[in-house]
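Dear colleague,

I am handing over the structure below, and I would be glad if you could look through it before reading my notes.

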Amino acid sequence: MEDVARLRNIAIVGPHHAGKTTLVEALLAHCGAIPRRGSVRDGTTTTDCEPEAIDHLQSVCCGFAHLACGPVDITLVDTPGFVDFFEETKTVLAAVDAAVIVVEADPSRVPQTAQIVEHLEMRTTPHLFFVNKLDRPGADFDATLAALRAAYGPHVVATHVPLGGGERFGGYVDLTARKAYLNDQGQVSEIDVPSQMQPVLDTLRTTLLEALADFDDTLLEELLEGKDPPQDEIERDLCTDCAHDQIVPVLVGSAQENVGIGPLVDAIARLFPSPETQPRRDVDGREVTPRAGGPVVAQVCKTINHPQQGKLSVVRVFTGTITPQTTLVDASRGGAPVRLGGLVRLFGKRQEPLGAAGPGSIVGLARLEGVCTGDTLSSPNAGVLMPTVPLAEPSFAVAIAPAQRLDEAKLSQALARLIDEDPALRVGRAEFTNELQLLGNGEVHVSTATERLARKYNVDVKTHPPSVAYRETILTGTEAHARYKHQTGGHGQFADVKLRFEPRERGSGVSFQEKIVGGVVPRQFFPAVEKGVREALASGGPHGFPVTDLHVTLFDGTFHAVDSSEASFKTAAGMAVRDALERLGTVVLEPLTRVETHVPSATLSGAVAQLTAKRGQILGFEPGERPGWDRVVALVPQAELSRYATELRTATVGLGTFTVRHERFEVAPERTAAGV
Ligand SMILES: Nc1nc2c(ncn2[C@@H]2O[C@H](COP(=O)(O)OP(=O)(O)OP(=O)(O)O)[C@@H](O)[C@H]2O)c(=O)[nH]1
Ligand SMILES: [Mg+2]
């Protein structure tokens with residue numbers, strides 16, 4: 001079992017395509033954890049092991065790997081960068097102690113780091129930036145650094161700078177040690193700092209020292225006296241400040257070309273804290289300190305359902321030591337006992353059996369049925385519950401049905417397993433249409449889930465955009481008379497009704513009343529008439545949609561002492577309804593949705609234009625939750641919103657979010673009504 005001080009639990013985070021999976025591969029190869037690096041393009045990386053990731057050349061869930069490097073044992077969590085998968089990343093961040101944010105050497109990509117940085121800052125998780133892809137033509141380190149500092153403040157400081165850039169990118173300069181390293185085909189050699197770079201390096205080094213001096217008075221005095229502080233003092237400050245999330249170092253490199261990997265390993269080992277100094281708090285605010293002995297407290301940060309190997313719950317052990325024999329309970333489910341089916345360490349898709357997992361470790365627990373992501377597992381009576389990460393409401397839905405009708409039960413089982421693995425997905429019945437829907441955080445999230453359904457659980461499904469719950473109504477009133485008379489051998493059937501139809505206000509539904517005088521229709525048939533009316537309206541008007549917002553009165557009729565029955569009155573009522581609707585004609589009502597959209601102010605006009613183009617009616621503007629953000633409230637026809645999650649992202653560099661709520665039904669414009 002490792003000593004807790006040796007452990008580093010690091011998430012590799014950052015925007016889509018920044019090079020995270022490639023960087024993990026480079027780190028593993030650098031430290032000898034894998035003999036040869038794989039590539040994203042060939043689908044041979046350690047952490048993109050799910051077929052859906054390989055097919056789409058992008059990570060679709062978190063992947064785990066570990067490496068031993070000198071004095072430290074590092075667990076790396078490769079996270080998916082695509083915004084749809086952010087909820088998964090959020091959950092796993094609760095299990096790590098620090099994060100490397102990978103960002104391309106392109107200032108226009110910096111805004112895409114906002115969500116993750118905000119989350120790390122909220123959790124005060126120590127982090128650093130790794131400016132990647134410096135080998136690419138057009139790579140611009142200076143502008144990227146400036147954009148990072150502009151976005152996140154002066155405590156974001158370069159500790160390394162590239163030697164050249166683009167095609168001439170050849171290595172890096174370590175600003176604290178004032179040493180330059182040339183990278184030639186993976187061979188690193190120290191060279192003299194190029195003299196033409198000296199002025200820039202001096203400026204950047206001063207910026208670094210000044211930032212450190214904000215937290216160290218001795219250093220501040222030395223700087224004021226014009227002294228050059230000794231390197232060990234700089235290093236010490238950097239370690240303390242980074243571990244306390246006060247300073248955010250910026251490192252440089254190319255994951256693909258293996259440049260800057262050594263300094264990154266070094267930074268992870270030296271600047272980032274071990275679990276020893278990162279105690280967590282339980283839901284009551286009590287500190288959970290990592291100790292090898294004593295009761296176990298662990299929390300599930302991810303669930304993996306493997307068709308063959310079964311279920312695996314990935315946990316972060318906060319305190320205590322788990323062995324395959326340890327007795328654990330699920331504290332989040334009333335202390336239900338759980339049976340450990342094995343203890344493993346994850347390396348991509350490989351599972352390595354473990355004898356014990358001490359405090360601070362991230363390990364897999366096999367076959368824990370009934371245990372979900374977020375659950376606290378502990379020794380019995382530990383009395384500790386860890387806080388869970390609240391997940392965002394889904395923003396995208398598809399209607400889902402099995403391709404084969406007989407697979408209905410199989411589908412609902414498979415959906416349950418799918419949600420077990422990815423709690424950001426939901427399954428529900430749509431309001432008004434009662435359609436079965438799969439909901440997630442975007443089109444890609446949901447389509448990845450349906451691909452997984454087919455592959456892992458062998459259920460082929462049909463999906464389509466959610467049906468829009470159109471309705472019909474009448475705009476004027478009328479009366480209708482229907483007589484139902486049928487003679488079949490013995491008993492006949494007879495019923496005669498006169499119904500009055502009047503429009504009602506929007507949203508009021510259907511109401512029914514009888515105004516029969518003199519018993520021309522006996523009381524016992526009133527419910528049958530009402531049932532006939534309601535069923536006929538619900539089964540659809542001339543356009544085929546349920547008819548609503550009207551008042552129906554039974555005001556006259558006749559009956560036959562022998563032949564009248566409830567069934568015949570119900571039939572007659574239905575006939576009267578159809579006759580009235582045919583004669584009156586109906587208008588189509590469409591559901592209007594209240595949309596609250598939250599966007600960076602710079603993208604506001606685009607977001608508003610988009611809503612207006614969707615026949616949206618802007619209700620108002622409010623300042624956003626963060627500075628530089630705005631909220632727009634609009635009323636938009638539901639029919640226009642099926643791809644809004646994707647379209648809004650396009651209009652807001654991937655940052656916009658929204659919530660929706662059904663507001664009311666309104667008469668659809670003729671063009672829309674004709675098209676449905
Ligand atoms: N030129 C260059 N290309 C790189 C570098 N790092 C990654 N790439 C390429 O960029 C693409 C995306 O790399 P990934 O490692 O999949 O990026 P990612 O951040 O894991 O992407 P997601 O998981 O989808 O968010 C791949 O084609 C890589 O080969 C780099 O340093 N230089
Ligand atoms: Mg990836």
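What follows is a short account of the protein as a whole and then of its ligand.

This is a predicted model, in which local features need pLDDT of at least 70 and side-chain atom pairs count only at pLDDT 80 or more, while totals for chains, interfaces and linings use all residues. Residues are numbered from 1 along each chain as its sequence is written, chains are lettered from A and ligands numbered from 1 in the order in which they are written, and side-chain values use heavy atoms, with hydrogens and water left out.

The C-alpha trace of the protein spans about 110 × 60 × 45 Å along its principal axes, and of its 676 residues 53% count as buried, that is, under 20% relative accessible area with a 1.4 Å probe and protein chains only.

Around ligand 1 there are 20 residues, of which Lys20, Thr21, Thr22, Ser59 and Asp135 come nearest; a residue is counted here if one of its heavy atoms lies within 4 Å of the ligand. Polar contacts (pairs of N or O atoms within 3.5 Å) include one of 2.7 Å between an oxygen atom of ligand 1 and an N or O atom in the side chain of Lys20. An oxygen atom of the ligand also lies 2.9 Å from a polar backbone atom of Gly81, and one is 3.0 Å from an N or O atom in the side chain of Lys133. The protein covers 88% of the 650 Å² of accessible area that ligand 1 has on its own, by the Shrake-Rupley method with a 1.4 Å probe.

Key. Polar contact = N/O pair within 3.5 Å; in protein donor to acceptor, adjacent residues only side chain to side chain. Buried < 20%, exposed > 50% of the residue type's maximum accessible area, 1.4 Å probe, protein only.
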